Amino acid sequence: MSNRNTIISANGTEMFSPPSNVLIPTRDEGKQPVLDVRGLGIDFGGLRAVDEFTITVGPTEIAGLIGPNGAGKTTVFNLLTNVYKPTRGAILLDGHPTAGKTVAQVNRMGIARTFQNIRLFDQMTVLDNVRVGMGNNIHCNFAESFLRLPRHFKAEKRSTERALELLSIFNMESEAYTLAGNLPYGAQRRLEIIRALATEPKVLLLDEPAAGMNPSETVALMESIRSIRDTFGIAIMLIEHDMNLVMGVCEGIAVLNFGKLIAKGTPDQIKNNEAVIEAYLGRQEKKEA
Amino acid sequence: MTLLIETLIQGISLGSIYALIALGYTMVYGIAKMLNFAHGDVIMVGAYTIYTTISLAHFPGWLGVLTSVVFCSVLGIVIEFLAYKPLRGAPSLNVLITAIGISYLLQNLALLIFGGQQEDVPNTGINVPSLDLGFVVVEGKVIFTIVLTVVLMIALTLFINKTKMGKAMRAVSEDKDAARLMGINVNRTISLTFAIGSALAAFASLCYGMNYTYIKPTTGSMPGIKAFTAAVFGGIGSIPGAMLGGFGIGILEKLSQAYITPIFGEITDVIVFGVLIIMLVVRPTGLLGKKIREKV
């Protein structure tokens, strides 16, 4: 179990020096972590919802964040995306601090996410949902698109092509002109992932991607998560209750309970960690005669 | 029969003006989830800008109209920035009261600057010849109003459906937080919405001035309220709904003036607002309004 207590100044100028036992897959060793979170914490009134949350994620790592209900997992995602402003600690994204940035700016710096309860733009087509995310990278200014200059059409064409390409990850090109709200549940979940990918993130945060999926869909999702990581060369961090998925796909796992990290390690280390077992199943009482 | 057709054409013309204003209400509601009751007074500001630039400063007509459109857009952005943006996230009642306050502020500023007397609307130099269809003659200003409205509606629809900014606007109107997380600058999108809504109001003031020939500081309030009724009638938040509602209310008003007023007296406003009440009772989401889904 790794435990870093070195809190670094919020401006993030200090270079990263990995402690010996930080969790990063061997292929990412020696590279600057894409996500370097130090002593992150937030209070809601008197409640310490998250405290001393420290984690590093390698540039192509698939990391898991697990914990019992109410442990603060989604709060961590909200902190990472700056939806909540942290009370304490710092987040370095690819070496740059995200403090003081707006949610949209943090997205452009390279964090994209999906939601526990799906939040697509239901009244827009599947294609437009993806293209909304792509807004960042299509170069064509307001005047050009208002006057419908050739660059506008070129940009539009390029963005459509790119969106269809992204949709093909999950074989959803044929649904491009369906309204997102009319898609079946599983397809909506997949579309959320594609929409997030369209923003060209360095880190993709998935909030319970397998929720409501059956076992065979979950297996397919595991494959997709790996292939997304390989294709895009990005880091993925996921919150999930489905332990088969977490243990099957994640390289490093962090366990949260009552807002605090209680364990970090490889799937095998986590499976056998007593604190984790206790958090999930409760303390084993000695049988009284 | 001739009376009916004439009435319908006048109704469409009046409805065009309502529709242009209603679009401002509905776009702002769709995106900022607030009722901008100062929107009606932007029409008054637009009309006074045309009056100031053309009658007082002797600008050419087209330049006066252009100035009015630009001035109203900027005014929309400024109002949003100073009055509504600080209240983002405040209870909607606070925003509503602020909007009413801005409405009175604009009216009283106009009263202070121009005084309470009526002013004649200047000739903008826009002259469309009347069209003689044989059984009815359609006045040039009516043709101009209808054509301008249709062109603006097509442009707006294309803008919203085909451009990146339009997509951002639709995304923000559906889910502000998700839009933010997709890298959309929500504040800029809201500003843009106010700018477009106010520009449409400026065009509405141009058409209104051509049809009603004089202005005073309270000029904007009645068409504002009627257009708001139209927006609710069509389904607030829905752009086609605002267009449909605008034409519907305009035609209803003219029909009532032509057929009911001679018998029962001037009760047109009673009928228009009566329709609003019935609509709110029978179908609170309006003709094309989105169904509100309760999240469980």
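In the predicted model, the radius of gyration of chain B is 19 Å, which agrees with the value near 19 Å that a compact globule of 296 residues would have. The C-alpha trace of chain B extends over about 60 × 50 × 35 Å along its principal axes. Its secondary structure consists of eleven helices and four strands. Of the 296 residues in chain B, 51% are buried. Among the contacts in chain B with a separation of 6 or more, 75% join residues 24 or more positions apart.

The domain assignment divides chain A into domain 1 (1-8 + 23-103 + 203-282) and domain 2 (111-200). The centres of these two domains of chain A, taken over C-alpha atoms, are separated by 26 Å. Contacts between them involve 19 residues of domain 1 of chain A and 14 residues of domain 2 of chain A. On the side of domain 1 of chain A that touches domain 2 of chain A, at least two residues are supplied by each of α1 (73-80), β7 (203-207) and α7 (215-232) of chain A. The most is given by β7(A), with five residues. By class, this side of domain 1 of chain A comprises twelve nonpolar, four polar and three charged residues.

Chain A also contains an open sheet of four strands, arranged in the order β2-β1-β4-β5 with antiparallel pairing. The edges of this sheet are formed by β2 (47-57) and β5 (96-97) of chain A; each has a single partner strand, so one side of each is left without a neighbour in the sheet. Strand β1 (residues 35-44) of chain A pairs with strand β4 (residues 88-93) of chain A in the antiparallel sense, over five bridges. Arg38(A) has Ala90(A), in β4(A), as its bridge partner. In general, the strands of a sheet pair through backbone hydrogen bonds, in either a parallel or an antiparallel manner.

Contact between the two chains involves 18 residues of chain B and 24 residues of chain A. On the chain B side, the elements that give two or more residues are α6 (164-174) and α7 (176-181) of chain B. Helix α6(B) provides the largest share of that side, seven residues. The side of chain B that touches chain A is made up of eight nonpolar, three polar and seven charged residues.

The largest nonpolar core comprises 164 residues, and the residues with the most contacts inside it are Val203(A), Ile236(A) and Val255(A), together with Ile21(B), Ala22(B), Phe203(B) and Ala204(B). Helix α1 (residues 2-32) of chain B contributes the largest share of this core, 16 residues. Domain 1 (1-8 + 23-103 + 203-282) and domain 2 (111-200) of chain A each give at least three residues to the core. Nonpolar side chains tend to be buried together in soluble globular proteins. When residues up to four places away in sequence are not counted, Ala22(B) touches the alanines Ala227(B), Ala230(B), Ala231(B) and Ala242(B) and the glycines Gly234(B), Gly245(B) and Gly246(B).

Ser191(B) lies in helix α8 of chain B. This residue counts as partly exposed because it has 18 C-beta neighbours inside 10 Å. Ser191(B) and Gly76(B) are 115 residues apart in sequence, while their C-alpha atoms are 7.8 Å apart in space. Not counting residues up to four places away in sequence, Ser191(B) touches Ile77(B) and Glu80(B).

Backbone geometry was also examined in loops of chain B. Most residues other than glycine have a negative phi. His58(B), although not a glycine, has a positive phi of about 55 degrees. His58(B) is placed in the loop between α2 (39-56) and α3 (61-84) of chain B, and it counts as exposed because 9 C-beta neighbours lie inside 10 Å. Thr213(B), likewise a residue other than glycine, has a positive phi near 55 degrees. The loop that holds Thr213(B) runs between α8 (186-212) and β4 (214-215) of chain B. With 10 other C-beta atoms within 10 Å, Thr213(B) is exposed.

Note on methods: Residues are numbered from 1 along each chain as its sequence is written. Chains are lettered from A and ligands numbered from 1 in the order in which they are written. This is a predicted model: local features need pLDDT of at least 70, side-chain atom pairs count only at pLDDT 80 or more; totals for chains, interfaces and linings use all residues. The radius of gyration is taken over C-alpha atoms; the globule rule is 2.2 Å times the number of residues to the power 0.38. A residue is buried if 20 or more other C-beta atoms lie within 10 Å of its own, exposed if 12 or fewer, and partly exposed in between; C-beta atoms are placed from the backbone. Two residues are in contact if their C-beta atoms, placed from the backbone, lie within 7 Å. Ala, Val, Leu, Ile, Met, Phe, Trp, Tyr, Cys and Pro count as nonpolar, Asp, Glu, Lys and Arg as charged, and the others, Gly among them, as polar. A nonpolar core is a set of buried Ala, Val, Leu, Ile, Met, Phe, Trp, Tyr and Cys residues joined through C-beta atoms within 7 Å. Domain bounds come from an automatic or database domain assignment. Two strands pair if DSSP finds at least two bridges between them.
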